[in-house]
Amino acid sequence: SDHMENIYGYLMKYTNLVTGWQYRFFVLNNDAGLLEYFVNEQSRHLKPRGTLQLAGAVISPSDEDSHTFTVNAASGEQYKLRATDAKERQHWVSRLQICTQHHTEAIGKNNPPLKSRSFSLASQGSANSPGVQRRPSQNAVSFFNVGHHRLPTGKRVPIMQPDHLVDVREMMSQAEGQQRDLIRSIECLPASGHLTSLDQDLLMLKATSMATMNCLNDCFHILQLQHASQQKGPLPAGGYRCSQRAEPCNKHESFLSCKNTFCTEINKPASVREEQSIAEPGQLTREPEEINPDEELEDICDDKEDDLGAVEEQRSVILHLLSQLKLGMDLTRVVLPTFILEKRSLLEMYADFMSHPDLFIAITNGTTPEERMIRFVEYYLTSFHEGRKGAIAKKPYNPIIGETFHCSWRMPKSNIATDAGSNFSAHSPSEQVTLSKDLEGQTGLDYYTVKFVAEQVSHHPPVSGFYAECVERKMCVNAHVWTKSKFLGMSIGVTMVGEGLLSLLEHGEEYTFSLPCAYARSILTVPWVELGGKVNINCAKTGYSASINFHTKPFYGGKLHRVTGEVKQNTTNTVVCRVQGEWNSVLEFTYSNGETKYVDLTKLSVTRKRVRPLEKQGPFESRRLWQHVTESLRDGDIDKATEHKRALEERQRNEERLRAETETPWCTKYFLKEGDGWVYHKPLWKTVLAAQTQQTDTN
């Protein structure tokens, strides 16, 4: 066959975290079923630097990009390789898969069936253990050859009978039980000593056994579908579906091994019992609450997240977690260890994106549509820097459904960049619309107030809504974000699905915008964050748009946190401004008239938000809700923080279960579902429209 010829060439091979990627010369030896590599082509006559047996191997194209693929040998050794382009990757993957299939089938033909052997760490030598009891016919070959007996050439393989599926289902149930026993036995090993629960070989065994059960489950599902199509009937009753993760050694699924079981209910701290006993949110008032900014005080909390101690101490726990994940796996429902958490909720993180309210308010001061679009791009690019609390990548708390966060900023009017004729007081009398008593009370003040509210409106999928407004300047922003996280091997990717809308009511303009993806890199060493992807900002009324690219760092060379973008007039396709730089350092704006402006984000003044004291906050406001977790993290008590966090999560699950049983829909407090998005219940544009209508009726 032409497909079985030997092939060779250069590929990049990933060595380790220190060395990274290196060019190596690879040779596929089809006759021997080997993949060999050398330092370069000239050393091909020497002994190979490495060799993989391809029989029983798995060849997998990577989801990370179109160039990378992995070769996983039956021995457990793995090569992570990268071709120069997608076409070359496909060429290597196809040839490797053909060679692998050929030699795997050859082994099956040349080797007789092996006698069955059962092994259980929990019951070695115990013949009466359920994990050891198997029927005599349950050897490896009979397990995989159910319904596929060899027949003389020319005769059809008989259709699988229903009782065969019952046999397979029974065997898979037993296999799942054995696999669960294996996981329990490994996790119940001591945390120290000769053989521990975090032994790397045992972690690999856990991951491999789990992946095997998932593959067997998929195969059995295919057999069921085949049988249903052949019989033209429904699937066999009692269809089997193996669980996707093994049951842990205790009901709390602790990542810190079995010794970290929690105290009994009577010995739990009062704060934990309080967290578990807070009433169902639906039983509390779900009416929107008007927060008085005068009750809010300047925030004195300054939780920087540069402490690496806990991450370094718990690296074995991270390895344990990674052993249970696979590439591309959705992490939405994965419980992450507490020590990687930031000391704030995701809802508060969204508020921290507003830490430059002077730039936000200054958007509407632009005298032309072009200038307003450029100002919005400037504000947008400066918002991400303060959203990160330090250089270390840590994860905010996952908000529970019904959780809210309120804050505000006060900005002296003298600090806002203005242009001639753009001051609020300079507008014509027809534009001077009385909005509310709030506005009437603020016109005499020497500062502007920007109010912010966020709410977790959905649990599955996790969707947050947030809204901010400056009533005096008649501007507001409304957004909803669905965070989708995936495991990418040595990093975690978070996609921010959703859309935001900035409304400048003085000008009748609306700007739609999206958010970039975020990546936590080097999760086994010093984790750090970078942004990636393309975002767009559009204003349909003016015809101006902006395209911004957040560039991820390439493997060789390149800068971290690089961003480029341009603002253009769509009707003429004219670029009016270009921007480049780093989103957490210095940005350079070049305008169409040749002028250049530099913005040093590290020197921008940050306005502290104002938050109500804990005693005035409701039970489902972020800081009060997570206060015990935050205090424990500040004290460095990871176990106690985990206990408080688990109590909140368990309460959320119980409430969700109760709503499902009683068929009670969840009612949001501040945001309403409109189409695919969520909108604040009383946005400023509705208030303005109502005020204008009232004024018209009066006249």
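The model is predicted, so local features need pLDDT of at least 70 and side-chain atom pairs count only at pLDDT 80 or more, while totals for chains, interfaces and linings use all residues. Residues are numbered from 1 along each chain as its sequence is written, and side-chain values use heavy atoms, with hydrogens and water left out.

**Exercise 1. Find what Glu-290 pairs with, and say where the two partners sit.**

Step 1: Start with the rule. A salt bridge is a side-chain nitrogen of Lys or Arg within 4 Å of a carboxyl oxygen of Asp or Glu. A search of the whole structure turns up 23 of them.

Step 2: Check the distance. Glu-290 makes a salt bridge with Lys-682, and their closest N and O atoms are 2.8 Å apart.

Step 3: Glu-290 is in the loop between α5 (270–277) and β8 (297–298), and Lys-682 is in the loop between β26 (677–680) and α15 (684–698), so the pair links parts of the chain 392 residues apart. Helices (H or I, at least four residues) and strands (E, at least two) are DSSP runs, numbered from the N terminus.

Step 4: Look at accessibility. Lys-682 has 41% relative accessibility, so it counts as partly exposed. The cut-offs: buried is under 20% relative accessible area, exposed is over 50%, and partly exposed is in between (1.4 Å probe, protein chains only).

**Exercise 2. Work out which parts of the chain Arg-623 and Asp-299 tie together.**

Step 1: Their side chains meet in a salt bridge, 2.8 Å from N to O.

Step 2: Arg-623 belongs to helix α12 (residues 622–625) and Asp-299 to the loop between β8 and α6 (309–313), so this pair ties together parts 324 residues apart in sequence.

Step 3: Asp-299 is buried, at 8% relative accessibility.

**Exercise 3. Decide how far apart Glu-650 and Arg-653 are along their helix.**

Step 1: The two side chains form a salt bridge, with 3.1 Å between N and O.

Step 2: Both are in helix α14 (residues 638–662), and because they are three residues apart, about one helical turn separates them.

Step 3: Glu-650 is partly exposed at 31%, and Arg-653 is partly exposed at 36%.

**Exercise 4. Classify the ring pairs Phe-360 with Tyr-379 and Trp-409 with Phe-452.**

Step 1: Know what to look at. A pair of aromatic rings is described by the distance of the centres and the angle of the planes. Rings of Phe, Tyr and Trp (its six-membered ring) pair if their centres lie within 6.5 Å; planes under 30 degrees apart are stacked, over 60 edge-to-face, and the rest tilted. The structure holds 21 aromatic pairs.

Step 2: For Phe-360 and Tyr-379, the centres are 5.5 Å apart and the planes make 55°, which gives a tilted pair. Phe-360 is in helix α9 (residues 357–362) and Tyr-379 in helix α10, so the pair ties together parts 19 residues apart in sequence. Both residues are buried.

Step 3: For Trp-409 and Phe-452, 6.3 Å between centres and 80° between planes make the pair edge-to-face. Trp-409 is in strand β11 (residues 404–412) and Phe-452 in strand β12 (residues 447–458), 43 residues apart. Both are buried here too.
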